[in-house]
Amino acid sequence: MNLKTKKIHLKCTHCAQITAYQKASIVCPQCGGTILQAEYDLEQLVHSHWKDQLSTRYPSLWRYHELLPLFDLNHIVTLGEGWTPLIHAQHFGKLIGLDHLYIKDERQNPTGSFKDRQASVTISVMKEQGIKEMVLASTGNVAISYSAYAARAGIKLWAFLTGLTPDEKIREIRLYGAETVKVPGTYDQTKQVAAEFAQNQGIFLDSGLKSFTSGESMKTMALELGEQLQGKAPDWFIQGVSGAMGPIGVVKGFEEMMVVGMVDKVPRLGMIQSSGCNPMIQAFEKGEREAIPVTDPKTAIATLATGNPGFAYSWLYDLMQKYGGAMEQATDAEAYTVTRLLAQTEGISVEPATAVAFAGLIKLVRRGIIQPQEQVVINCSGHTYPVEEQILTEEFAPEALTWFKL
């Protein structure tokens, strides 16, 4: 694909209107919708044998630049993100009854989170568009990623953080030079404050899934899996979810790989939420496409404390109806226990938000939804500091046998 003639279109998820991509912030000219998806000339990639060229490229997410919303590669802002290890979790898998459990170790990204994918792609697009200042709301990990990449790009960042954001994460965000504002409220309230500030100051607002660059960045996990699994998609993709940006992007990646002949299917989705903040679970169990917001989250795991997933859940629900999947939940205490089990069987230390996904996976296996012979990939992301005191408390370990019937 010639970058000088590269064409990118944005498709409105509401009315399906397709518009040529020209600027970073855009609304559908047909209906005013703000949730758009990027589309590329996939047939041209097929004719140019694009998939055969990948093995010769540098191992980062930018090896897939033809499928990312950037016209000039000179605008790439990178710290070496992507192409993270895929680890066969033989011991933990055997413990829970899975023969083919693989961990996509997103901790190996530059700031320790899969959000580095999002930051690299979004900040690169902002640089190409000449944007010099931005606002975002975060529970911690997104702001850490964005602050690092914004510093590298020379972009000023305003990070609005929830009251539950650990001080250790706030200190790192400040280290990169970002302006931090801690909001004494929930993540949803923090997003509202950030949006009002951005509007009043006339500053670009990164709006998560509504910023199409976010979903585009997350699909690179799927593109890597297609290569790492030698052209075979896993049976299941598992992730702890709050806003669902990751799995939505991953599905898009597998869909595009099917078109270019890299994989033969899209995996089923296993989506896990904290039982203390589970609006998606409540709606999914009732077969409802719209989630009822949780106004008072009862979890100490800030990353998963999004009470109102909004349109993201409806989008995720439709994908799960199309490709299959299941939802499960886990308590904070169950997450702390699994943190220890994973560390002591595989030597992998994760933060509780990721441990929730592993705890939910155990339940899906015990319920017979995921079969022992199926291939499962779980998104393992997040910073590992500080280790919460609850994780080290001995009383949690014996209870694992009762919770998970191990």
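**View 1. Buried residues of helix H5.** Asn141, Val142, Ala143, Ile144, Ser145, Tyr146, Ser147, Ala148, Tyr149 and Ala150 are buried in H5. Buried means under 20% relative accessible area (1.4 Å probe, protein chains only). H5 is mostly covered, with ten of its 13 residues buried. The model is predicted: local features need pLDDT of at least 70, side-chain atom pairs count only at pLDDT 80 or more, and totals for chains, interfaces and linings use all residues. Residues are numbered from 1 along each chain as its sequence is written, and side-chain values use heavy atoms, without hydrogens and water.

**View 2. Length and end of H5.** Helix H5 spans residues 141-153. Helices are DSSP runs (H or I, at least four residues), as are strands (E, at least two), numbered from the N terminus. From first C-alpha to last, H5 reaches 19 Å, close to the 18 Å expected at 1.5 Å a residue. That expected span is 1.5 Å times one less than the number of residues. Gly154 follows H5, and its phi is positive, near 75°.

**View 3. Partners of H5.** The buried residues of H5 pack against helices H4 (115-129), H6 (167-175) and H8 (212-228). They also pack against strands E6 (133-138) and E7 (156-162). Contact means heavy atoms within 4.5 Å.

**View 4. Lining of the second largest pocket.** A pocket is an open set of points on a 1 Å grid over the protein atoms alone, where a 1.4 Å probe fits, with protein on both sides within 12 Å along at least five of seven lines; lining residues have an atom within 4 Å of a point. This pocket has 20 lining residues. Lys11, Gln37, Glu39, Lys252 and Glu255 lie nearest its centre. H9 gives the largest share of the lining, six residues.

How values were computed. Buried < 20%, exposed > 50% of the residue type's maximum accessible area, 1.4 Å probe, protein only.
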